[in-house]
Amino acid sequence: MDFSLTEEHLMIRDAARDFARTELLPGVIERDKDQHFPKELITKMGDLGFLGMMVDPKYGGGGMDTTSYVLVMEELSKIDASASVIVSVNNSLVCYGLEAYASEEQKEKYLTKLATGESIGAFCLSEPEAGSDATSQRTTAINMGDHYLLNGTKNWITNGSSADYYIVIAQTDKDKAHKGINAFIVEKTWEGFEVGPKEDKLGIRGSDTHSLIFNDVKIPKENRIGEDGFGFKFAMKTLAGGRIGIAAQALGIAAGAYELAKDYSKQRKAFGTEICNHQAIAFKLADMKVNIDASRHLIMHAAWMKDEGMDYNVAGCTAKLFASQTAMDTTIEAVQVHGGNGYVKEYHVERLMRDAKITQIYEGTSEIQKIVISRDLLKN
C-alpha cells in the first residue's frame, strides 16, 4: 500500500491551502456574521479549477482524481466550510451526476458551464417530509406528453439562490413508489420557479441555503436524466460520492480546529508554563491528532476505491460517519483548550464548532450511515 502523494497532488493541495489563507481567511468572520458568500470568491474558485475538478477535460473539467478533490476540500474547510460546501455540491452532486448519467446533449449544454464555474449547480432532494427518507418524495413531475409539470417544495438547498441549474428529484408515478421517481435538470429562469427565504443557520452561515418552490414549472422531456424511473437510483449513487466530499469537509474542520488549538496551547501560559506542557491539554491534542489521522486514512481509502472503480458506498459511509464525529469532538475540545477565548469569534474555533455539526446531518445523517453500514455487514 502506497500512502504517498504525487507531485501533482502536492501542488493541488498547496494551491488550495494558499487560496484558503490569502482569499478565504480575510473576511471569514464577517461572512459568517452576515450570512453571505461573495460571488467573486466563487468565480476565483472556478478560475482555479475547484468547481469541476473530476470532470473530463473535454467538458471543461480538470480531469483530476478523487484524492485531489479530497485534498482541496480539506484545505478549504480548515478556513471556511461555507466555501468548501459550494465546491462539494458542484463537484460531487451536480457535475458527477451529470457526467456519469446525463445524455451527451445534456452534458454539452449544462456540464460544460458547471465544470468551469461559469455556472453554479444545486442538488434538490430533501423536502419538508422527505429528509432521511428519500423515498417519500412529495414533489411531483407529471408527464404531460412533450413535457413534465413540476410542483412541490425542496428544503435545505445549498446554492439555493445562487445556482443557475438545479437537479431536482421528483415523483412521477406514485404507484411505483421509489421506482417512479425521476431526476430533472431545471433552469432558474423558468416560469413558476421561486426561491424561498434564506435559512438562518447555526453553522456554514456563509452558505446560500434556501427552500425552493415549484408551481407548474414546465420541464422539457429532454431534461430528464436517464431512463424513466431512474431518479431514486441516480440520487443514491450520486450521494455515495458526495459523502466522501463531506467527510473531507469534516476532516478539514477538525484539522483547522486542531491546528488553532495546538498553536494557542504553545502561547497561552498557566501555572508558570505554556498550557501544552500540562498533561490535561497535551492529551487532548494527542486524541485530536489520532482521530484526525484515522479520518484521513478512511477518506483516502474511500477516494482510492472510487477511482479504482470499486464499490465505495460503505467506505464512503464509514469515512463520513467517523470524520463527522471527529469534527464535532475536535472542535469542542479546541474551544475548551482556548478557554474563555474559545467562546469569542475572533479566535475562529467557535465558528468551526458550529460548522462541524452539519457534517453529521447533510448528505445522510450519521444514523443513515449506520443503517447502510449495518445492512452491508449483516448481508452474509
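**The pockets, a cavity and the first helix**

Good morning. The largest pocket has a lining of 39 residues, and those nearest its centre are Gly 131, Leu 239, Arg 243, Glu 363 and Gly 364. Please keep in mind that the model before you is a predicted one.

Let me stay with this pocket for a moment. Its volume is about 1,100 Å³. Which elements supply its lining? At least two residues each come from H5, from strand S3 (147-158), from helix H7 (231-267) and from helix H11 (366-377). Of the contributors, H7 gives the most, namely 6 residues.

I turn now to the second largest pocket, which holds about 530 Å³ of space. Here the lining is made of 16 residues, and Asp 2, Phe 3, Met 300, His 301 and Trp 304 lie nearest the centre. The element that gives the most to this lining is helix H8 (residues 279-307), with 7 residues. The lining of the second largest pocket divides into 5 nonpolar, 6 polar and 5 charged residues.

The lining of the largest cavity comprises 6 charged residues, together with 2 nonpolar and 2 polar ones. Both H2 and helix H10 (349-357) supply at least two residues of it, and H2 gives the most, with 3.

Finally, I would like to look at helix H1, residues 7-24. Its 18 residues reach 24 Å from the first C-alpha to the last, which is close to the expected 26 Å. Which residues of H1 are buried? They are His 9, Ile 12, Ala 16, Phe 19, Ala 20 and Leu 24. Viewed down the axis of H1, these buried residues fall within an arc of 100°, and therefore they line one face of the helix. On the other side of H1, Glu 7, Met 11 and Arg 21 are exposed. And what do the buried residues of H1 pack against? Their partners are helix H2 (28-34), helix H3 (39-47), helix H4 (66-79) and helix H5 (81-101).

Thank you for your attention.

Conventions: Residues numbered from 1 in each chain as written. Predicted model: local features only at pLDDT ≥ 70, side-chain atom pairs only at ≥ 80, totals over all residues. Heavy atoms only, no water. Helix = DSSP H or I, 4+ residues; strand = E, 2+ residues; numbered from the N terminus. Expected span 1.5 Å × (residues − 1). Buried < 20%, exposed > 50% of the residue type's maximum accessible area, 1.4 Å probe, protein only. Arc of directions from axis to C-beta. Contact = heavy atoms within 4.5 Å. 1 Å grid on protein atoms, 1.4 Å probe; cavity = no way out; pocket = protein on both sides within 12 Å on 5 of 7 lines; lining within 4 Å. Points joined across faces, edges and corners; volume = space filled by probe spheres on them. Nonpolar A, V, L, I, M, F, W, Y, C, P; charged D, E, K, R; others polar.
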